[in-house]
Amino acid sequence: MSDLSDLYQEVILDHKRHPRNFRAMEDASRQIDGHNPLCGDELQLYLKLDGDHIVDVSFQGSGCAISVASASLLTEVLRGKTVQEAEHLFEEMHDLLTSDHPNVDREALGKLGILSGVRDYPTRVKCATLSWHTLKAALENPEQQSVTTE
Amino acid sequence: MSVISEEVSQGVQAASGFDVERVREDFPALAQEVNGLPLAYLDNAATAQRPRSVIEAVDHFYRHDNANIHRGVHALSERATASYEGAREAVRRFINAPSTHELVFVRGTTEAINLVAQSYGRRFQPGDEVVLTAMEHHADIVPWQLLREQTGIEIKVLPMTEQGELEIDKLEGLLSERTRLVGVVHVSNALGTVNPVREVVEIAHRHDIPVLVDGAQATPHMRVDVQSLDCDFYCLSGHKMFGPTGVGVLYGKEALLEDMPPYQGGGDMIRTVSFERSTFAGLPQKFEAGTPNIAGAIGLGAAVAYLESVGMERAAEYEQHLLRHATERLRQVPGVRILGEAQRKAAVVSFVMEDVHPHDMGTVLDHKGIAVRSGHHCTMPIMRFYGVPATTRASMAFYNTVEEVDRLVDALRYAQEVVA
């Protein structure tokens with residue numbers, strides 16, 4: 001096993017201690033609950049769309065360091081992206097976190113790349129992917145109200 | 001003398017009659033390293049490790065006696081049948097049931113409860129009531145909800161206190177002439193609470209209501225006597241008590257089992273079959289359709305023999321010493337809150353720590369070679385009661401040591417450094 005500090009990097013701990021965009025959104029275009037029944041993690045993801053652009057994104061919920069940091073990072077990165085860009089980002093993150101041989105340019109992912117530490121902890125991968133699966137469901141099915149990692 | 005060192009010295013005395021190092025040698029899986037450190041296996045409430053004698057009993061069966069049971073007239077089938085029925089007798093003695101007819105081999109406690117719900121409960125009427133406790137495992141909640149959908153019964157819940165004890169004085173008030181069954185967990189898997197089952201049975205029986213006991217977490221830790229408890233159904237799992245997975249036992253009083261319709265149909269549970277009608281075998285075969293987990297049952301028999309050789313009373317006393325030590329030390333870790341501090345507990349400590357989510361805790365402890373469980377422990381209502389999404393649970397067995405508990409406590413401080 002790799003060193004624990006590969007998983008709990010300073011950036012991740014910083015986002016866990018001070019999650020960004022951690023608030024409810026009154027005028028959200030999309031609102032969806034993500035749930036990881038394995039560990040009880042829950043988050044609510046809020047998206048505000050202007051046409052094809054994500055103009056605001058926020059979240060609330062409770063979870064482990066990895067799932068909170070992952071959601072926090074997601075909200076930071078997503079603002080200003082188009083729906084297509086967000087969907088592409090989901091594919092890249094999914095590949096990065098779950099594939100045996102990810103075909104992803106880590107540099108291009110910026111600080112999202114630090115989440116790749118979970119690859120060495122198979123039981124923790126779903127913690128990191130929860131917010132991303134929640135995002136995907138929100139983008140694909142505007143009417144859907146909840147999603148689980150199972 | 002400080003509280004801790006006093007505890008330890010008492011512990012050494014209490015433990016002096018119990019040679020834990022010798023016991024540990026019986027469990028091959030304990031002698032390994034995880035992440036470069038000796039394994040400290042503190043996840044026994046999820047499943048225990050198996051002693052060599054259990055592993056060898058299963059191995060021996062497949063190597064030498066493997067055949068289907070009952071009916072076969074050849075030598076291997078006779079040996080297999082004798083071993084399988086011998087295991088039933090061993091479990092009967094272990095829980096002091098009156099007769100082997102009253103012991104049904106099942107897959108585990110979950111199947112035992114489902115059997116009672118789907119067979120005994122089949123005749124329940126709309127408006128009939130089942131009383132459960134706030135401390136039940138999902139295995140003693142969901143089967144009754146499925147039955148509720150089928151029959152229209154109602155489920156009532158006996159509450160618990162913040163300390164993690166049943167509000168037993170409220171039980172009588174929950175019983176009515178519509179109450180058909182009371183279900184109670186003997187030992188809470190999430191909190192460790194040992195519930196006053198004898199008292200529950202007395203109260204329920206005053207109203208002629210039968211009691212089902214979920215004993216999955218009790219049989220590994222204490223002497224269980226179903227006649228002394230006077231319960232009507234008692235359910236246990238092999239793998240929690242150092243036996244194989246996929247085997248367990250439903251004990252039921254003969255009169256109740258006799259009166260119950262079969263649970264599943266198939267081979268072995270019939271007397272005669274024609275396309276017009278079938279007649280069913282007597283107890284316990286009536287409830288054992290299909291080829292059972294023969295090797296598993298034999299392994300469970302070996303586990304029971306092993307527990308008898310260790311001595312349940314001595315093992316329980318030693319575990320209590322581990323529990324006191326763990327509780328005392330955890331109380332002194334800043335930010336730690338123990339959930340469930342009942343007067344009577346099995347060696348289970350469930351806790352949460354400020355700023356460290358149980359899931360992160362589990363990863364950090366694993367890094368230190370310590371196996372615990374993080375999650376809701378299949379007791380979501382208990383988690384909701386305490387307002388937490390999950391806990392970290394250290395559950396001990398008689399092969400654990402004071403040193404392992406100390407490693408756990410030290411690792412908590414490390415977790416705070418790494419994650420908080």
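Predicted model: local features only at pLDDT ≥ 70, side-chain atom pairs only at ≥ 80, totals over all residues.
Visitor: Why is Tyr8(A) called buried?

Guide: A residue counts as buried if 20 or more other C-beta atoms lie within 10 Å of its own. Tyr8(A) has 21 such neighbours inside 10 Å, and therefore counts as buried. Tyr8(A) lies in the loop between helix H1 (4–7) and helix H2 (10–17) of chain A.

Visitor: Which residues are in contact with Tyr8(A), leaving aside its neighbours within four places in sequence?

Guide: With those neighbours set aside, the contacts of Tyr8(A) are Leu13(A), Ala65(A), Val418(B) and Val419(B).

Visitor: What makes H2(A) and H3(A) roughly perpendicular to each other?

Guide: Their axes come within 8 Å and cross at roughly 85°. Angles of 65 to 115 degrees count as roughly perpendicular, and H2(A) and H3(A) are therefore described in that way.

Visitor: How do you know that H2(A) meets H3(A), and which residues are involved?

Guide: Two residues are in contact if their C-beta atoms lie within 7 Å. On the H2(A) side, Ile12(A), Leu13(A), His15(A) and Lys16(A) take part; on the H3(A) side, Ala65(A), Ile66(A), Val68(A), Ala69(A), Ser72(A) and Leu73(A) do. The residues of this contact comprise seven nonpolar, two polar and one charged.

Visitor: How many residues of chain A are in contact with chain B?

Guide: Twelve residues of chain A are in contact with 14 residues of chain B. On the chain A side, eight are nonpolar, three polar and one charged.

Key: Residues numbered from 1 in each chain as written. Chains lettered and ligands numbered in written order. Nonpolar A, V, L, I, M, F, W, Y, C, P; charged D, E, K, R; others polar. Helix = DSSP H or I, 4+ residues; strand = E, 2+ residues; numbered from the N terminus. Buried ≥ 20, exposed ≤ 12 C-beta atoms within 10 Å, placed from the backbone. Axes fitted to C-alpha atoms, helices over the stretch in contact; angles between N-to-C directions. Parallel < 35°, antiparallel > 145°, perpendicular 65-115°, else oblique.
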